[in-house]
Amino acid sequence: MDTVFGVSYKGGVVIATDQVNARSILMYQQNLDKIAELSSHSAMGVSGPNCDLVNFSEYISKNLALYELSNDGMKLSTHAQANFCRGELAKALRKGPFQVNVILGGYDENVPNGGSLYIMDYLGSCHKVNYGAQGYASNFTLSIMDRDWEEGMNEEQAVKIVEHCIRELNMRFLLNQSNFIIKVVDKDGVRTVKADSDPSDN
Amino acid sequence: KQYYHNRKMSILEYNGAAVIAMAGKDCVGIASDNRLGIQYQTVAMDFKKVFKMNDTLFVGLAGLATDVQTLDQLLRFRMNLYELREERTMTPQVFTNLLSNILYEKRFGPYFAEPVVAGLDEKGSPYLATMDLIGAIETTKDFVVSGTCDGNLYGMCETLYKPDLGKEELFETLAQALLASVDRDALSGWGGVVHIITKEGVMSRELKGRQD
């Protein structure tokens, strides 16, 4: 049900998710932030039941923080973080799976385009992509991204693609997801570009 | 989760794959398709299923993508450990036995992957092997296949294969066998990659196929 998608560009990545938290016929909240900030220069859009969403993203981000503390401030690259995530999903699969599908994006200086985006499903398959989407949203947004995405785009163009996808979802997706949160990860770190509904509102 | 499909897909068909390997004259070739899907939806068109273990040994892994990736990592780990301890390169026969052992260890909760091993043994002669998801080994002198279109691949190989092909002819044969097979399978395709291994080195080429 959750909409999670991401687009990479020259200099970073953009990740967008809807903000709905619902179960069965009840809507708990419309301002949930489903993009977990993993480290200073990486973030992960997560889809799935709220329990797994929160538990998995906190488990990963705290373990990444522990690595930095234990290893004298050494940061893990986005590729390493994605691989760690994949490993945890694969390990948990045959014990007690995390039912989360994620899009992990980060910025590294030594990577050619700066930004790298990884798509992972709950089984633990991980693949580096230029753009990706999880959930029902993929049926609507992947074709748009196939058409609009170009090598060497800038942040503004990438955000335009995200907005194009959101407009399409609002028009054609059965579920009404009126609020979206969009975060950008670039050389300056993770920042929220747009949050239709403020996650810190009670 | 899928509303509009009625046939229950087996776990081995969840992501889709096609892997093929053939023996030539003092060379072996191994090829795979490029598709990564989630049931009927295509997620990526550059997900290769052949992994280089060393200059004369490649393994192709068809099946559930998560297990394909786990096995690739496990095999490199175990191979590195072997080479550190034994101070010699692992032969294809030993590698095949190692892989079989790793798979059988999980006999009652297996890795959903069916591998294909292609390499040159110490004397430089071609070595091919395949196994099922629980590690039952079969070695052959001609060709081995695995994946969602293995029936198609068997048919193409049986028809096109000739013994003692040179590396260019082997490449053509592998390419045609793979492309024709994946074109009749919804779950595999989107191009492919072929590696031809000789004692001089490895020649790798991308295949341009139907992008559907």
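Helices (H or I, at least four residues) and strands (E, at least two) are DSSP runs, numbered from the N terminus. The views below show a predicted model, in which local features need pLDDT of at least 70, side-chain atom pairs count only at pLDDT 80 or more, and totals for chains, interfaces and linings use all residues. Residues are numbered from 1 along each chain as its sequence is written, chains are lettered from A and ligands numbered from 1 in the order in which they are written, and side-chain values use heavy atoms, with hydrogens and water left out.

**View 1. Chain A holds 4 helices and 12 strands.** Its radius of gyration, taken over C-alpha atoms, is 16 Å, close to the 17 Å that the globule rule (2.2 Å times the number of residues to the power 0.38) gives for 202 residues, so chain A is as compact as a globular protein of that length. The C-alpha trace of chain A spans about 50 × 40 × 35 Å along its principal axes. Of the 202 residues in chain A, 51% are buried, where buried means under 20% relative accessible area with a 1.4 Å probe and protein chains only.

**View 2. Chain B has 4 helices and 12 strands.** For its 212 residues a compact globule would have a radius of gyration near 17 Å, and the 16 Å of chain B agrees with this. Buried residues account for 54% of chain B, and the C-alpha atoms fill a box of roughly 55 × 40 × 25 Å along the principal axes.

**View 3. The second largest pocket is lined by 16 residues.** A pocket is an open set of points on a 1 Å grid over the protein atoms alone, with protein on both sides within 12 Å along at least five of seven lines, and lining residues have an atom within 4 Å of a point. His79(A), Cys126(A), Phe51(B), Gln69(B) and Asp72(B) lie nearest the centre of this pocket, and helix H2 (78–93) and strand S9 (126–129) of chain A, together with helix H1 (65–86) of chain B, each give two or more residues to its lining.

**View 4. The largest cavity is lined by residues including Cys126(A), His127(A), Leu36(B) and Ile38(B).** A cavity is a set of grid points where a 1.4 Å probe fits but cannot get out. Strands S8 (115–120) and S9 of chain A and strand S3 (36–38) of chain B each supply at least two residues of the lining of the largest cavity.

Definitions and conventions. Buried means under 20% relative accessible area, exposed over 50%, partly exposed in between (1.4 Å probe, protein chains only).
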